[in-house]
Amino acid sequence: MAGAAALRRAARRVIRPLVNASAPSRTLVQPERLLSSQASPEHRGRAIVSGSELGLYPPERIRNFSIIAHVDHGKSTLADRLLELTGTIQKGHGQPQYLDKLQVERERGITVKAQTATMFYRNTVETSESHGTDSPSYLLNLIDTPGHVDFSYEVSRSLAACQGALLVVDAAQGVQAQTIANFYLAFESNLSIIPVINKIDQPTADPDNVKAQLKRLFDIDPSEALLTSAKTGQGLSQVLPAVIDRIPCPPGSCDLPVRMLLLDSYYDEYKGVICHVAVVDGAMRKGDKISSAATGRTYEVFDVGIMHPELTPTGVLYTGQVGYVITGMRSTKEARIGDTLHQAKSIVEPLPGFKPVRHMVFSGVYPADGSDFDALSHAIEKLTCNDASVSVTKETSTALGMGFRCGFLGLLHMDVFHQRLEQEYGAQVISTIPTVPYIFEYGDESKVQVENPAALASNTAKRVTACWEPTVIATILIPSEYVGPVIMLCSERRGEQLEYTFIDAQRALLKYRIPLREIIVDFYNELKSITSGYATFDYEDSEYQKSDLVKMDILLNGQPVDAMATIIHNQKAQKVGRELVDKLKKFIERQMFEITIQAAIGSKIIARETLSAMRKNVLAKCYGGDITRKKKLLEKQKEGKKRMKRVGSVDIPQEAFHELLKVSNSK
């Protein structure tokens, strides 16, 4: 890694405890004692927290932190235990992974949307001066983040509201690809990082080896790591005291006009747009007037409060606190993520916002039944109200009718979007072949970005002189015995090796620059297959690179099917074209007329299959007689089939699109 030594040295400074040797020593309390200490009416099972109580927590007694981890390393379970430990939720009540609200999150076992919960915690410490104990109360804002690479945008938004992070690592699996990515996201955000080695109760747990990996990769002192089991509760008594000791309080001034960072928003049918905010300066109260730095619009604060863990009105939010605000916004388009909300009629410096969303996978979404366009439109409108990271524009396909062109952060993001459409709104959809944004340059030196292959003319008067495609830097961690097959897979996907190192005696780290198109569908599945499920994978956007790209059309009876057009590397066009027409021949039903299926690059046909017509026996009633009579009947049938071929339409089943998706992105 470039500059890895300097980054590790800086990271070491980041994770050092923020208390000095003269600070009060901490008394470790057993989990059952902590639970009982948090069980007072002041903190357990509260339905309402008043604004006057929030006023008891100045910034010095507030900690905003996130939980970041690779997929399935136990971050959601750890969040559950911390909520129980502080009495925010009752143990044994409610569903596991309490902060995973969506059905798709529970079915897939992943976190898709970052969730926030405010906790109140009484920290018991020994004081060296009076030889007694002190139990100051703290307000802790916990943010549970996604772990999959496609949702790293959610992680970056969550980290913007934090001053520290718990970096959770599985004691058996060790550091994985997303662990590395999330560490550097937190590092670039200048957060204090607390390593937590989780699942130490597993028979295969090896915390000493994980400590060595953290030391080698991030220069983290092994003594800084906390050993826990979120499942059994072992070691959890160390976590929140470490959060208080090692993570700084939020910056900001209580005396300045209110200034807030807009972290997220979603639409509620009864309350309208609900905005999640982090108060940087000042205080916001119900009835205040606030303005948007991005749009200039002014709103009245109708409701304000915290997530405890559900929406809990407090009437006020103070400096350093994270909560929600309802202002009467009618659309989430008014709530721009990263915007600065401030006191109306005051001049403030806007806060640094987030990087704009970069859509890297595009696909057409059409109703399975063409007559259901209005229902699909309504479903997409409601869903995008709660997912600002999806771009949607209307488009029309000659094969599929009216639909939408959608931009996603990645393929899993697209799959989750489709699943939510079906589960939450009952919409049945057909999705076209996913594609990525390409850049084409013509002879007159003009350039155009192409997100929809159908929009690129196949026989244009302008000559294409150069093409560029987006690439990614892929990080792959694998057991050393699988290095050969993985290198072969990356080479087949036109990858360029950048790094090959061993992080310990059993595992290797590979870095490749790979065209994004080569990984958006089945790369991860194939990687898992050839490594018996042991590989972990992460990627980050890189630059565009020149490439030999062509547009491939699918023709049915000479007519192009725009929904099946794709842009592909020239070397793979012949093979992919052959497989596409073979697949279509199997899935398109026979008609009363002959169907010609072709794959073409410009005017050149590179693959062809013919689906023969179903034939009616027009000679069935002819018993003997003149041969000319039979010829007349056959010629009449032939002319009828020609006429049907001119005016008839070919119905393309949904399964055909699914099979095309597999073929065009697996070669």
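Predicted model: local features only at pLDDT ≥ 70, side-chain atom pairs only at ≥ 80, totals over all residues.
Let me begin with a definition: a polar contact is a pair of N or O atoms within 3.5 Å, where, within protein, one atom must be able to donate a hydrogen and the other to accept it, and where residues adjacent in sequence count only if both atoms are side-chain atoms. With that in hand, we can look at S363, whose side chain reaches the backbone oxygen of T432 at 3.0 Å.

Residues are numbered from 1 along each chain as its sequence is written, and side-chain values use heavy atoms, with hydrogens and water left out.

Let me stay with S363 for a moment. This residue lies in strand β19, residues 361–367; helices (H or I, at least four residues) and strands (E, at least two) are DSSP runs, numbered from the N terminus. Is S363 buried or exposed? S363 is buried, with a relative accessible area of 0%, where buried means under 20% relative accessible area, exposed means over 50%, and partly exposed lies in between, using a 1.4 Å probe and protein chains only. If we leave out residues up to four places away in sequence, S363 touches F404, R405, C406, F408, M414, S431, T432 and P434, and contact here means heavy atoms within 4.5 Å.

Now to the protein as a whole. Its secondary structure comes to 16 helices and 33 strands, and of its 667 residues, 54% count as buried. Among contacts between residues at least 6 apart in sequence, 72% join residues at least 24 apart. The accessible surface comes to about 29,500 Å², of which 50% belongs to carbon and sulfur atoms; such areas come from the Shrake-Rupley method with a 1.4 Å probe, and for residues only the protein chains shown count as cover.

Next, please find strand β1, residues 62–69, which is mostly covered, since eight of its eight residues are buried. Both faces of β1 are covered, with I62, N64, S66 and I68 buried on one side and R63, F65, I67 and A69 buried on the other. As a general point, strands of a sheet pair through backbone hydrogen bonds, either parallel or antiparallel, and in this work two strands pair if DSSP finds at least two bridges between them. Strand β1 pairs in the parallel sense with β5, residues 137–144, over six bridges, and there S66 stands opposite I143. Strand β1 also pairs in the parallel sense with β6, residues 164–170, over five bridges, where I68 stands opposite L167.

A second sheet to look at is an open one of eight strands, with antiparallel pairing and the order β13-β12-β18-β9-β10-β17-β14-β15. Which strands stand at the edges? They are β13 (298–300) and β15 (311–313), and each has a single partner strand, so one side of each is left without a neighbour in the sheet. Within this sheet, β14 (residues 303–307) and β17 (residues 322–326) run antiparallel and are joined by three bridges, and the bridge partner of G305 in β17 is Y324. In the loop between β14 and β15 we find P309, and a cis peptide bond, with omega at about -10°, joins H308 and P309.

Let me turn to a helix. All of the residues of α9, residues 239–246, are buried, eight of the eight, so this helix is largely enclosed by the rest of the structure. In the loop between β8 (226–227) and α9 sits S237, which counts as buried at 12% relative accessibility. The C-alpha atoms of S237 and L82 are separated by 9.5 Å, although these residues are 155 residues apart along the chain.

Phi of N190 is near 60°, a positive value in a residue other than glycine; N190 belongs to the loop between α7 (177–188) and β7 (192–198), and is exposed, with a relative accessible area of 61%. Phi of S532 is near 55°, again positive in a residue other than glycine, and S532 is partly exposed, with a relative accessible area of 49%. As for the cysteines, C254 is partly exposed at 49% relative accessible area, whereas C275 is buried at 1%. How many disulfides does the structure hold? It holds zero, a disulfide being a pair of cysteine sulfur atoms within 2.5 Å.
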